[in-house]
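Please open the model in your viewer and keep the selection tool ready. The tour goes from stop to stop, telling you what to select and what is there.

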Amino acid sequence: MKTIKRIGILTCGGDCPGLNSVIRAVTKCAIVEYGLEVFGIYDSFDGLLGIPKARRLKMDDVKGLLFRGGTVLGSTNKGDPFEYRRIVCGKLVVEDLSDEVVQNIEHLGLDGLVVIGGDGTMAIANKFVERKGIPIVGVPKTIDNDIPETDRTFGFDTAVAIATEAIDRLQTTASSHHRILVVETMGRNAGWIALEAGLAGGADIILIPEIPFRVEAIVEAIDERERYGRRSTIICAAEGARPVGGKQFVERIVKDSAEPVRLGGIARWLCNELEGKVRAECRAIVLGHIQRGGTPTASDRVLCTRLGVEAVNALVRGETGTMVVVRNNEIGTVPIAKIAGKQRLVDPESDIIRATRATAVSFGDGFETCQADGRKETFAGTPA
Ligand code: F6P
């Protein structure tokens with residue numbers, strides 16, 4: 001096993017609260033615990049293409065990073081060096097630039113890399129481990145909380161806190177004007193942010209990708225609330241939610257991105273669908289990148305520090321191709337290969353869903369059936 005003297009660190013994919021806290025933890029632990037040198041690489045793997053864009057990080061360079069949002073190293077969610085995409089004269093060109101990255105890692109004298117990113121980044125990292133023999137330990141990040149093998153990803157707690165505060169603030173307009181407000185959250189194909197922020201913010205209807213909805217069931221839930229004198233309704237809709245038998249709402253296609261689909265538009269669409277079917281006025285509120293901005297919560301800062309320290313420990317132990325995780329509040333590592341191509345989605349039968357339903361929240365999946373005596377009854381869930 002090669003003794004590690006110098007490591008690199010890079011942040012990849014969309015920004016996420018806590019990236020700087022991990023950079024700080026990795027740098028401090030590497031210097032204080034092991035006497036290593038740390039190099040920060042700019043703009044994800046792009047910083048290892050052409051002339052390397054990197055600089056040595058010392059203790060002073062990470063001062064104040066624990067609570068600073070974003071990433072001081074910069075990031076991109078476009079650059080897979082094995083399939084590097086560029087638009088040249090309006091056309092998409094794909095090239096394999098991975099050898100350039102390897103040469104730059106050697107040129108900088110890096111004995112290992114800490115790669116902070118989401119599932120797409122972990123897949124790229126694993127290609128460098130398996131095909132090029134680069135020692136890498138990954139730190140999973142995403143506000144979406146959709147990475148398997150870990151109970152939480154850092155950034156999620158902060159995103160939920162931001163979305164919850166937004167819903168709290170919207171409650172006053174909803175109730176003052178007797179309106180229906182549809183709040184659209186991020187989360188890609190996972191409903192974690194909408195579910196937890198919706199629950200914490202007291203949303204009346206929550207729509208998530210894992211439970212397809214029916215507009216009629218949403219109208220029924222709103223009417224039912226009116227019958228009990230509730231004249232306003234807050235709907236918290238995940239950007240990835242879709243109607244039964246329908247498709248997800250796509251806002252844009254980013255051609256030169258490895259994952260080109262950007263979801264969005266459900267809130268506007270649902271408002272249009274509801275108007276005319278319900279008495280109250282509807283408004284759409286898209287929280288967007290606000291959910292990824294600003295300072296991480298205390299809980300995320302703690303998680304980032306624990307994950308960052310373990311990433312350095314793992315590299316020093318000689319691990320490669322692993323990712324740091326938290327399970328049952330214990331920090332550990334798992335092979336990156338274990339998460340390949342998988343997403344951690346909300347289980348529609350889980351206790352959090354049952355608890356949410358038990359507090360009279362609708363997932364827009366209720367349905368009506370006619371009983372033998374002609375009575376109509378509404379049920380939760382989707383018809384078999
Ligand atoms: O994966 C994080 C995330 O914020 C998703 O929730 C969202 O769908 C996507 O990134 C947005 O990406 P972009 O910043 O490229 O618009």
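A residue is called buried when its relative accessible area is under 20%, exposed when it is over 50%, and partly exposed in between, with a 1.4 Å probe and protein chains only. This is a predicted model, in which local features need pLDDT of at least 70 and side-chain atom pairs count only at pLDDT 80 or more, while totals for chains, interfaces and linings use all residues. Residues are numbered from 1 along each chain as its sequence is written, and side-chain values use heavy atoms, with hydrogens and water left out.

**Cysteines**

Select Cys282 to begin with, which is buried at a relative accessible area of 4%. A disulfide is a covalent bond between the sulfur atoms of two cysteines, and the rule used here asks for a pair of cysteine sulfur atoms within 2.5 Å. By this rule, the count is zero disulfides. Now move to Cys89, which is exposed, with a relative accessible area of 80%.

**Helices α6 and α7**

Helices (H or I, at least four residues) and strands (E, at least two) are DSSP runs, numbered from the N terminus. Select residues 215-227, helix α6, together with residues 266-274, helix α7; the two pack at an angle of about 70°, and their axes are 11 Å apart. That angle makes α6 roughly perpendicular to α7, where 65 to 115 degrees counts as roughly perpendicular, under 35 as roughly parallel, over 145 as roughly antiparallel and the rest as oblique. The axes are lines fitted to C-alpha atoms, for helices over the stretch in contact, and the angles run from 0 to 180 degrees between N-to-C directions.

Which residues of α6 and α7 meet? On the α6 side they are Val215, Ile218, Val219 and Ile222, and on the α7 side Trp269, Leu270, Glu273 and Leu274, contact being heavy atoms within 4.5 Å.

**Helices α1 and α8**

Next select α1 (residues 19-34) and α8 (residues 298-317), which pack at an angle of about 45° with their axes 8 Å apart. These two helices are therefore oblique to each other. Their contact includes Val22, Val26 and Cys29 of α1, and Cys304, Gly308 and Val312 of α8.

Select α5 (192-201), where eight of the 10 residues are buried, so the helix is largely enclosed by the rest of the structure. Among the buried residues of α5 are Trp192, Leu195 and Glu196, and what covers the buried ones includes α4, β8, β9 (205-207), β10 (233-238) and α9 (351-358). After α5 comes Gly202, with a positive phi near 75°.

**Two residues with positive phi**

Most residues other than glycine have a negative phi. Select Asn145, in the loop between β7 (136-140) and α4 (156-177), and you will find a positive phi of about 60° although this residue is not a glycine. Asn145 is buried, with a relative accessible area of 2%.

For the last stop, select Arg188, which is in the loop between β8 (180-185) and α5. Its phi is also positive, about 50°, although Arg188 is not a glycine. Is Arg188 buried, exposed or partly exposed? At 23% relative accessibility, Arg188 counts as partly exposed.
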